[in-house]
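Please look at the structure shown below before reading the dialogue.

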Amino acid sequence: MTTLNRSLLAALLVLFASTTCNLFAEPKANGKAAPDSSGAVSNDSYMGLSGEELWSNNCLRCHNIRPPTMYTNAQWDVIVHHMRLRANITGQEQRAIVAFLKSAK
Amino acid sequence: MKIHRCFLAAIVQAAFIITSSAAIAQDPATDGYVTRKEYEELKDQMLAMKKELDALKKERGTVSKQESAESRSVVDVHKEVAPTPGNAESTAGADVHKEVTSNATPSLAELEASLLGTTKILIAGWAEAMFEARNDQVSTFSASFNPIFLWELTPKLLFDSRLEIEPSGGGTNVNLVNAQISYLLNDYIVLGVGEFFSPSNVFVERFEPQWINKLPDRPIGVYHDVLPNISVGAQVRGGFPIGSTRANYAFYVSNGPVLNTFDPRSAGTLDFNSYTDNNDDKAVGGRVGFLPIPGVEVGYGFETSRPGFQGTPFSDVRALVQSVDLEITRDSDLLKGRINLFAQYAWSRVDHAVYDPDGSLGFGPLPLTARRDGGYAEIAYRPTKVDIDFIRNLEMIFRWDHLSADPSGLGDPSETRWTLGLNYWLSPSTVVKAAYEWDKPNGERNKNALFFQTAMGF
């Protein structure tokens, strides 16, 4: 492996370690949001945006939004999980969007 | 071993004693009848169990109709198993039932979670059919079916894979487009391994599906070996807030591209379609994105690699590909609709090398620092705020895309295209497209094309 490759890999590892250790905390149990800066636990909003706004903002960036009734709750769980990988949204956004989609039905 | 035998003997004896004493204790109740008191107790237990199930359902809150049906069937099964006054069992049976009931909450949840087709496997994807009439070429119909298999083994673990199935010649082509296992490490970090869409190329990751891509064909600038499409390796990715803004990242290590050295037309270009590596040096790449406000994202992607075959004069040649992108989506009251602006520009550079140094391939020696670039800009408008349904379902698109000439100067010339399209949305994920493309490769006859396409996402 070349020096450049080693340097890049090292940089990635440092980034990974720093993000893991310093910036982020393990989320609460599945389906519950981590506390926000005020200490309140919120499952249906993130950064001042409601689940509906997050759903609209994130999905519309690439494609038309599909109505909440188009899929079952269980299917939305899988679809939003998959979309989290594509759109690089956070776990809190994922949960807020899923909560909105389920409640909107 | 001797000690192990002693332990085993002790365990067997203990089990025997416990079983015997339990059986003795239960004997008085095995006469086949129950008293009124026992009946009342069983009734109370049933009511308590029902309450517990109601509380469980309430806790789950948003259970779908399908899940509800499944829950009911599970409850029915549970009722079937549970003792009833008319079918009174012994105290031993009641004890066992009590034990089962006390564990009912996790068991029921686990059972529901394991039902196939609900929380585990989902088939998504899209299908498309197209007609293309291009100048100087035979017009043709084409079609493809692109199933995406999603398997959420746990809320943190997902397998996703896409196939591309299309008729070709006298048969059918089936291609594995991607297959990846990903794990949600925490709210901000996702790990993935396998064959995945290259994060350095945002178009491929987000806009490639034909029900999402607003025009029938794809921009040449971000394909055709300027940027990778698929990578085989491992990646780490996620998003996180920065104050009131957001950022996202994706970094990966993968098998790198292959440097074309044998063909004079493509000498110096990178072949990203070879998914096995040709040397021990791995490609490293990624993309960082920044969202200053909702609906606006800017990004930078890159990949660096050594694409030459190991043990050849090209083994130390380094390649760097880079890409910048912009995505804007805004709703406008003034324009009574939604505007999408997507743009991406990429450029690649392969270090200086001499191709066919001894002239044995018939085109060398060819000293070359291979550079190539390309990109696209696309704007779309859909009058989503107009009251008339027919107009609201229309969408107009204009795209400019460009690809520079092959770096050897012996291959394809530079090409610039302008495409105008009109879409009609039958549903949020079903679209009928019509487009005309002005395509003029430098120094060649035009390759203007007319397209009709229908695409359905599911």
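The dialogue takes up helices of chain A and then turns to chain B.

Student: What kind of model is this, and how are its parts numbered?

Tutor: This is a predicted model, in which local features need pLDDT of at least 70, side-chain atom pairs count only at pLDDT 80 or more, and totals for chains, interfaces and linings use all residues. Residues are numbered from 1 along each chain as its sequence is written, while chains are lettered from A and ligands numbered from 1 in the order in which they are written.

Student: How far apart are the end C-alpha atoms of helix 3 of chain A?

Tutor: Helices (H or I, at least four residues) and strands (E, at least two) are DSSP runs, numbered from the N terminus. The expected span of a helix is 1.5 Å times one less than its number of residues, so the 15 residues of helix 3 of chain A should span 21 Å. The end C-alpha atoms agree with this, being 20 Å apart.

Student: How many of the residues of helix 3 of chain A are buried?

Tutor: A residue is buried if 20 or more other C-beta atoms lie within 10 Å of its own, exposed if 12 or fewer, and partly exposed in between, with C-beta atoms placed from the backbone. The buried residues of helix 3 of chain A include A:Trp76, A:Ile79 and A:Leu85. The helix is largely enclosed by the rest of the structure, because the buried residues number eleven of the 15.

Student: Which residue follows helix 3 of chain A, with a positive phi?

Tutor: Helix 3 of chain A covers residues 73-87. The residue after the helix has a phi near 55°, and this residue is A:Asn88.

Student: What distance separates the end C-alpha atoms of helix 4 of chain A?

Tutor: Helix 4 of chain A has 13 residues, 91-103.

Student: Are helix 3 and helix 4 of chain A roughly parallel or roughly antiparallel?

Tutor: The two helices pack at an angle of about 150°, with their axes 10 Å apart. Axes are lines fitted to C-alpha atoms, for helices over the stretch in contact, and angles run from 0 to 180 degrees between N-to-C directions. Angles under 35 degrees count as roughly parallel, over 145 as roughly antiparallel, 65 to 115 as roughly perpendicular and the rest as oblique. Helix 3 and helix 4 of chain A are therefore roughly antiparallel.

Student: Where is A:Leu54, and is this residue buried or exposed?

Tutor: A:Leu54 lies in helix 2 (residues 51-60) of chain A. Because 25 C-beta neighbours lie inside 10 Å, A:Leu54 counts as buried.

Student: How many helices and strands does chain B have?

Tutor: Chain B has 458 residues, of which 31% count as buried. The chain contains seven helices and 18 strands.

Student: In which loop is B:Lys336 found?

Tutor: B:Lys336 has a positive phi, near 55°, although the residue is not glycine. It is partly exposed, with 15 other C-beta atoms within 10 Å. Its place is the loop between strand 12 (319-332) and strand 13 (337-355) of chain B.

Student: What is the phi of B:Asp356?

Tutor: B:Asp356 is in the loop between strand 13 and strand 14 (366-382) of chain B. With 17 C-beta neighbours inside 10 Å, B:Asp356 counts as partly exposed. Its phi is positive in a residue other than glycine, with a value near 50°.
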